[in-house]
Amino acid sequence: MGNQRRVGVLSPYTFTRRDVGEDDVSLRITHCGVCHADVVYTRNKLGDSIYPVVPGHEIVGIVKEVGSHVHGFKVGDRVGVGAYLDSCRECEYCNERLEVFCSKGALYTINGVDVDGSVTKGGYSSFIVVHEDEFPSASAAPLLCAGITVYSPMVRHKMNQPGKSLGVVGLGGLGHLAVKFGKAFGLNVIVFSTSISKKEEALNLLGADKFIVSSDEQEMTGMVKSLDFIIGTVSPNHSFDLYLSLLKTAGTFVLVGCPNEVKLNPLSILVGMKTISGSATGGMKETQEMLDFCAAHKIHPNIEVVPIQYANEALERLIKSDVKYRFVVDIENSLK
Ligand code: NAP
Ligand code: ZN
């Protein structure tokens with residue numbers, strides 16, 4: 001490990017995590033998905049990264065130690081951790097099992113300040129300490145952020161009514177799972193993508209009903225007022241007015257991607273009484289529901305498994321939209 005580190009470039013880093021408290025569970029991490037948020041934190045895109053950053057919040061691992069008050073887990077259980085580690089567990093949102101919206105602020109898996117004052121470090125590492133809760137015991141890493149981030153608003157906004165039409169903007173980690181959920185919900189799913197190279201797979205592998213290259217003005221115009229819902233999963237800035245024009249009257253656009261700014265003409269929502277809404281990850285209860293749904297409907301993320309030594313290349317390829325459709329780091333076999 002060298003002392004010279006370049007911002008945004010990952011390098012080996014040795015650190016210790018806090019001791020396991022009486023309500024805590026400690027994991028030996030086996031796998032960690034690579035989310036676009038890892039690009040955001042490692043490259044300080046929001047200006048609030050606390051270096052050194054250890055990214056990774058789609059974590060699957062094996063319990064290696066439990067605190068004395070922990071009853072739900074035992075050593076050897078397989079568990080998952082998503083975008084947050086803890087919350088107050090007593091406010092109205094925590095009581096509703098929507099811990100991520102905790103009124104005192106959930107403790108995020110990366111870049112959060114833990115009870116001992118240390119900065120939380122994510123899953124591109126060998127173990128993590130998390131608070132006891134109902135961690136799903138058998139889950140694929142990308143479901144823990146990408147999956148729940150699209151599933152939660154789709155269910156909340158009743159995008160699970162068979163026969164309705166759903167537009168998915170961006171076919172990346174989040175987008176490809178939105179397509180899979182959409183098809184499992186019985187929707188007519190239309191993908192809007194910048195990558196023609198994803199067309200065949202989108203239609204034949206993921207099961208989308210239609211694939212539109214978003215720069216094709218004629219095809220886009222042909223979709224005006226045709227969709228009940230749109231879920232937007234892209235981070236670059238794009239035209240909201242254009243996508244809102246594709247919604248039917250009273251249609252809903254849910255934004256889960258994180259562009260720098262959202263600009264729209266008010267008439268785009270006034271005329272046709274449209275809704276634009278946001279969403280961030282999901283609660284523990286709905287995460288468990290989603291995992292059960294995925295198991296029942298055989299929904300698995302399409303992943304490319306890579307060793308930890310490939311992490312920088314994976315982030316570079318993710319930026320170029322060159323992954324089908326989620327990298328998962330095999331921590332267990334490459335970080336020994
Ligand atoms: P991703 O795998 O990189 O997918 C994003 C997709 O956006 C790309 O695959 C690409 O799809 C599309 N895209 C359109 N224009 C692009 C451009 N100029 N450059 C690169 N990609 C472009 O990312 P992700 O992990 O799914 O995350 C998507 C967004 O959601 C990010 O902004 C991330 O920060 C955010 N996020 C939010 C939450 C939340 O809780 N709300 C959780 C996780 C992630 P096409 O090739 O099909 O165009
Ligand atoms: Zn994420």
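**Zinc site and domain contact**

Q: How far apart are the centres of domain 1 and domain 2?
A: In this predicted model, the centres of domain 1 and domain 2, taken over C-alpha atoms, are separated by 27 Å.

Q: Which residues belong to each domain?
A: The domain assignment gives 24–142 + 302–334 for domain 1 and 147–278 for domain 2.

Q: And how many residues are in contact between domain 1 and domain 2?
A: Domain 1 contributes seven residues, in contact with 15 residues of domain 2.

Q: What area do domain 1 and domain 2 bury between them?
A: About 940 Å², with 47% of it on carbon and sulfur atoms. On the domain 1 side, N302, K324 and Y325 supply 60% of the area buried against domain 2, more than any other three residues there.

Q: How many salt bridges are there between domain 1 and domain 2?
A: The count is zero.

Q: Polar contacts, then: how many residue pairs?
A: Seven residue pairs are in polar contact between domain 1 and domain 2, counting pairs with both residues at pLDDT 80 or more.

Q: Switching to the metal. What coordinates the zinc ion (ligand 2)?
A: C35 through SG, H57 through NE2 and C145 through SG, at 2.0 to 2.2 Å. Along the chain these donors follow the spacing C-x21-H-x87-C.

Q: Where do C35 and H57 sit?
A: C35 is in the loop between β1 (24–34) and α1 (36–42), and H57 is in the loop between α1 and β2 (59–66). The two are 22 residues apart, so the pair links distant parts of the chain.

Q: Are those two buried or exposed?
A: C35 and H57 are both buried.

Key: Residues numbered from 1 in each chain as written. Chains lettered and ligands numbered in written order. Predicted model: local features only at pLDDT ≥ 70, side-chain atom pairs only at ≥ 80, totals over all residues. Heavy atoms only, no water. Donors = N, O, S within 2.8 Å, 3.2 Å for Na, K, Ca; no water. Helix = DSSP H or I, 4+ residues; strand = E, 2+ residues; numbered from the N terminus. Buried < 20%, exposed > 50% of the residue type's maximum accessible area, 1.4 Å probe, protein only. Domains from an automatic or database assignment. Contact = heavy atoms within 4.5 Å. Buried area = accessible area lost by both parts, 1.4 Å probe. Salt bridge = Lys/Arg side-chain N within 4 Å of Asp/Glu carboxyl O. Polar contact = N/O pair within 3.5 Å; in protein donor to acceptor, adjacent residues only side chain to side chain.
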